[in-house]
Amino acid sequence: MTKILIIGGGYAGFYTARTLEKLLNKGEAEVTLVDARPYLTYQPFLPEVAAGSIEPRHVLVPHRRHLKTTQVVNAKVTGISNADKQVTVQAEGGEPYTLAYDVLVVTLGAVSRTFPIPGIADNAIGLKSVEEAEWIRNKVTTNFDRAANLPAGPERQRLLTFVVVGGGFAGIEGFAEVRGLATKLLKHYPEITEDELQFHLIEAADRIMPEVSLETAKWVIADLAKRHATVHLETQVTSAVDGVVETSKGDKFPTDVIIWTAGQMANPVLRNSDLPLEPRGRLRLRADLRATDDDGIIEGVWGAGDSTQVPDVTGNGLPFDGSCVPNAQHAVRQARRLGKNIVASLRGDQPVDYVHKPAGAVAGLGVGNGVFTGGKKKFALKGGIAWLFHRGYHGLAIPTWERKWRVFGDWWHQIWLGRDIATTTHVQNPRAFFEEFASRPKPKPADDAKPAEAKAEKAADKKAEKPAEAKAEKAADKKAEPQADDAK
Ligand SMILES: Cc1cc2nc3c(=O)[nH]c(=O)nc-3n(C[C@H](O)[C@H](O)[C@H](O)COP(=O)(O)OP(=O)(O)OC[C@H]3O[C@@H](n4cnc5c(N)ncnc54)[C@H](O)[C@@H]3O)c2cc1C
């Protein structure tokens with residue numbers, strides 16, 4: 001049977017596996033999906049997780065529950081040798097081993113891209129995983145708890161200052177959603193006033209959200225300003241040492257929370273492969289999603305999603321190379337096309353080019369607020385109606401009905417019960433509570449410290465020994481000896 005190996009079970013990998021499950025006949029091919037995590041993360045919901053509007057687990061789609069016939073391997077891909085048709089993987093705590101394939105599907109996604117700015121690697125956090133989003137939610141609430149106990153001063157101000165770097169979709173959504181959470185928290189913290197909160201978003205370009213029109217982007221900045229959340233355009237972070245964010249404009253913001261969303265890059269594991277990559281490290285693909293190099297098609301290697309360079313044949317691609325914009329809209333559609341193309345080529349048919357004209361872009365900016373742009377940025381909706389559209393679209397877009405229900409359930413509860421401000425910060429150190437009160441064996445006295453006491457203890461131990469039991473143990477050991485030899 002043909003062995004199809006999908007590396008990466010996010011948007012693109014998961015949907016490729018589902019499409020193959022639907023289309024392949026029994027015995028036609030065997031499909032394996034490898035991912036370092038046992039679930040797909042629905043990243044568009046991470047800002048709402050950070051804001052406490054959606055429960056963290058609900059934005060994860062477990063592979064083993066929702067893939068029926070695909071074999072799932074929970075391990076990290078560490079290298080790819082297409083010459084040997086094998087991928088090296090390593091499970092947590094295990095030794096590296098290889099998985100052989102006939103057909104390879106590369107869907108490894110992207111990771112946060114940072115620059116060597118002092119202090120960023122040590123003090124900032126990204127917004128690409130559920131762990132990061134939950135950490136932000138916990139941190140904001142815990143900082144309110146800590147600040148409420150402090151007198152006015154630099155430490156209290158530091159705890160109530162939040163900085164986001166990067167004014168793309170993810171950064172603006174994260175910024176606005178966390179600002180919304182802070183507004184809600186104020187109701188429960190009479191010790192803290194709104195003017196004590198500082199929210200700063202730092203963007204190097206002269207505008208935010210390139211996916212929407214300039215007018216809409218300006219509206220978003222003005223709307224955030226009304227909520228005391230400042231967007232600093234044409235500004236760069238120059239340092240974040242000890243959590244003090246310094247900017248190219250000379251500002252200094254001591255803070256406990258720096259969220260880095262200023263760019264992403266193709267998964268660096270691809271560099272540890274013999275696959276054809278373009279200069280930015282993405283897998284080079286043709287429009288039919290087959291890998292290619294200067295000499296032509298690389299047989300048996302396919303790809304989709306953020307880790308790949310797919311030509312956008314509609315002419316709506318990235319300005320520098322015309323490839324598809326890295327987003328979920330493309331990843332899911334490419335995956336469906338990819339599944340169909342792989343099956344077609346197994347059956348001797350020709351693969352078809354991937355074609356999709358983006359329908360528009362929609363962003364949530366906190367409960368009751370959002371923006372939507374469509375029709376080549378000519379049409380825009382703002383405020384409550386765009387927010388409803390955002391919730392409707394993404395609520396239906398998260399894979400599987402089981403997950404949709406959970407997310408809609410969270411929103412329903414939020415309407416009637418309000419946002420959940422409970423924190424799980426201490427889950428980072430779950431044994432602390434048990435350990436605090438657990439009794440430990442008394443330390444044995446040192447040999448020369450208390451000789452009399454030690455002697456008495458020895459005598460007591462001897463008394464306690466049960467000669468019959470010891471005899472029985474000895475006899476059992478003797479019996480077991482020949483068996484051990486047999487095993488040898
Ligand atoms: C905060 C945020 C908001 C967003 N909002 C939107 C939006 O509103 N609309 C939109 O269209 N797009 C949005 N996106 C973008 C969208 O989520 C991505 O474009 C999409 O997830 C790309 O899919 P993918 O399958 O290529 O990568 P991913 O979904 O990132 O999947 C990659 C998978 O590979 C796995 N993996 C990585 N490395 C390894 C390894 N070494 N070994 C094994 N497995 C590995 C990962 O665990 C992951 O499961 C948003 C992204 C973010 C971060």
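Which element gives the largest share of the shell around the ligand? That is α9, with three residues. This is a predicted model, so please take what follows as computed from it.

Let me stay with the shell. At least two residues each come from α1 (11-23), β6 (76-81) and α9 (328-346). There are 28 residues around the ligand, and the nearest are Ala12, Asp35, Val77, Asn267 and Asp306. Sorted by class, the shell holds 13 nonpolar, 11 polar and four charged residues.

Asp35 places a polar side-chain atom 2.6 Å from an oxygen atom of the ligand. For Asp306, the atom concerned is a backbone N or O, 2.8 Å from a ligand oxygen. Gln329 also uses a backbone N or O atom, which lies 3.1 Å from an oxygen atom of the ligand. As for cover, the ligand on its own has 1000 Å² of accessible area, and the protein covers 88% of that.

Asp288 sits in the loop between β20 (283-284) and β21 (290-293). Is Asp288 buried or exposed? The relative accessible area of Asp288 is 2%, and buried means under 20%, so Asp288 counts as buried. Beyond its neighbours within four places in sequence, Asp288 is in contact with Trp302, Asn341, Pro351, Val352, Asp353 and Tyr354.

Note on methods: Residues are numbered from 1 along each chain as its sequence is written. This is a predicted model: local features need pLDDT of at least 70, side-chain atom pairs count only at pLDDT 80 or more; totals for chains, interfaces and linings use all residues. Side-chain values use heavy atoms; hydrogens and water are left out. A residue is near a molecule or strand if one of its heavy atoms lies within 4 Å of it. A polar contact is a pair of N or O atoms within 3.5 Å; within protein, one must be able to donate a hydrogen and the other to accept it, and residues adjacent in sequence count only if both atoms are side-chain atoms. Accessible areas come from the Shrake-Rupley method with a 1.4 Å probe; for residues, only the protein chains shown count as cover. Helices (H or I, at least four residues) and strands (E, at least two) are DSSP runs, numbered from the N terminus. Ala, Val, Leu, Ile, Met, Phe, Trp, Tyr, Cys and Pro count as nonpolar, Asp, Glu, Lys and Arg as charged, and the others, Gly among them, as polar. Buried means under 20% relative accessible area, exposed over 50%, partly exposed in between (1.4 Å probe, protein chains only). Contact means heavy atoms within 4.5 Å.
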